[in-house]
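Hi,

Here is the model I promised to pass on.

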Amino acid sequence: MGCKTVLLWLMIVGARAAVQRDSNADPGPMELPGDLLIGAGVAAIQVEGAWNEDGKSESNLDYLFHLGKLSSMGVTDPHAHDVAADSYHKYKEDISLAAALKVYRFSLSWPRILPNATASQPNPKGVQFYHDVIDEVLLHGMIPMVTVYHFDHPRVLEDNFKGWWSPEMIPLFKEYARFVFNEYGKKVKHWTTINEPNILCTYFANLHVISGLYTAEEVSNHYQCQVGLTILNLPATPNSTAPEDVYAAEAVNSLYAGTIYGPVVFGDYPQIAKDFAGEKLAPFSDAEKELLRDSTDYIGVNVYNGMKAAWRKPTAAERENADLLLGKTMEDLPNVAVDIPNPLGPQSVEFFEGIHPEYLRTAVLWVWQTYKKPLIITENGFGDVTGHGTKDQLRAAYHSVSLRTLVSTINSFGVKVISYCAWSLIDAFEWTGGMDRPFGLVYIDYKNKTLSRTLKESSEFWINLGETRMVPLIRPEYSSSSTTLKPIACLLLIRIVFNFIE
């Protein structure tokens with residue numbers, strides 16, 4: 001473990017201790033940087049519905065959920081996404097509700113655009129639908145930020161070769177990506193290739209195993225599936241300042257995030273990841289390294305939560321909690337224990353509703369200092385698991401603290417952040433959480449099946465933010481240790497370490 005790694009973690013640990021003082025101790029409004037774009041996001045399969053309308057083919061996830069074999073993971077309605085928020089028919093209303101923001105982030109549906117997976121047989125209605133969406137976004141003076149792939153592809157690719165678990169997927173995705181770039185590129189300037197490949201290759205792989213579509217052996221090496229760019233970050237921080245815990249945190253981050261970020265920035269996997277994963281990380285040829293190196297203009301960061309890492313054998317409970325989100329990553333780290341709330345059990349409130357600005361700052365600093373690429377916070381949000389409904393001042397507090405922390409980090413460390421996008425604009429289908437874990441800034445009436453849209457109380461925060469570009473301090477109504485930080489006077493030390501690294 002190099003000196004730079006130790007210094008980086010000293011900086012991050014110190015920065016976390018300064019979060020509240022820098023961004024939240026002064027109760028006055030905090031001004032957004034002039035070039036920081038604010039927006040909110042949705043994804044095709046989570047909001048569009050119309051799963052088999054106007055020429056769209058069945059997707060891999062349509063088939064997965066329709067099988068009805070995921071009740072053990074909390075799925076109560078295998079057809080919940082079939083209609084979802086019906087944004088396929090209500091997209092104009094959704095976009096108008098986002099007009100106070102600057103960015104509208106959404107994904108394209110591969111099976112809606114290319115039902116048979118190939119560009120030789122496009123679906124005219126599907127192609128035109130996304131032209132209409134983009135035109136509506138531009139009409140409202142917003143910037144369209146498009147994700148090419150957000151977990152859904154034509155089912156035929158699963159039938160033929162199990163999708164992303166086969167190299168045969170690569171030329172077909174390339175063909176699809178080239179088609180949409182050519183089709184929409186004159187209107188769209190901000191693109192994300194693939195959303196959360198680490199979750200695709202762990203969480204969704206596990207759902208396929210549970211449903212009997214994959215065997216455990218077929219998905220045992222999740223590294224072979226990884227593609228990128230925007231990924232879910234669960235930033236690990238050292239459980240203590242002991243060198244072995246610092247090493248443990250760096251190992252977790254390098255395996256979970258670095259195996260995706262590293263190749264597209266440096267052309268190869270991090271050495272620490274190679275040390276632990278060994279032959280599971282198939283080596284790149286010199287030509288592949290050259291092709292991959294510096295192949296991204298920015299790095300997308302989805303961050304909701306984080307964890308502590310310690311160099312010791314994990315308990316059975318720690319291993320179970322980690323496996324839900326990290327998949328088989330921890331199998332390569334048998335001497336590392338991570339402390340993270342379980343998103344499926346009684347700890348789900350802490351996992352989805354906990355206010356943890358320190359994890360956002362940790363993710364931003366780790367990615368920035370490691371890769372020195374501009375960042376987009378592509379997802380950050382508050383999942384309602386206790387029934388706040390439209391009375392969601394806690395969500396306003398979440399985003400207030402998150403944005404103030406982000407601005408403080410940008411100002412203190414010179415991090416280049418292009419945009420911050422809340423997840424999600426409207427209440428959406430949340431996978432195994434169905435409609436019962438809404439992240440939306442806008443309430444959707446799923447209970448009465450009217451799908452009517454209603455602004456939540458937190459909308460006042462977003463409207464004022466859009467008008468003034470000032471982030472007020474909204475304190476959560478409950479007392480939480482996650483937002484109360486020890487008074488450590490360390491900002492000077494942080495800046496010294498930062499300058500030394502530079």
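Below are some notes on the sheet and on one of the pockets.

This is a predicted model, in which local features need pLDDT of at least 70 and side-chain atom pairs count only at pLDDT 80 or more, while totals for chains, interfaces and linings use all residues. Residues are numbered from 1 along each chain as its sequence is written, and side-chain values use heavy atoms, with hydrogens and water left out.

The sheet is open and parallel, with eight strands in the order β5-β4-β3-β2-β12-β11-β8-β6. At its edges are β5 (190-194) and β6 (231-233), each pairing on one side only. Strands are DSSP runs of E, at least two residues, and helices are runs of H or I, at least four, numbered from the N terminus; two strands pair if DSSP finds at least two bridges between them. Three parallel bridges join β2 (residues 37-41) to β3 (residues 103-107), and Ala 40 has Tyr 104 in β3 as its bridge partner.

A pocket here is an open set of points on a 1 Å grid over the protein atoms alone, where a 1.4 Å probe fits, with protein on both sides within 12 Å along at least five of seven lines; lining residues have an atom within 4 Å of a point. Its lining has 36 residues, and Gly 433, Gly 434, Met 435, Asp 436 and Tyr 446 lie nearest the centre. At least two lining residues come from each of α5 (80-83), α17 (348-353) and β13 (442-444).

Best wishes
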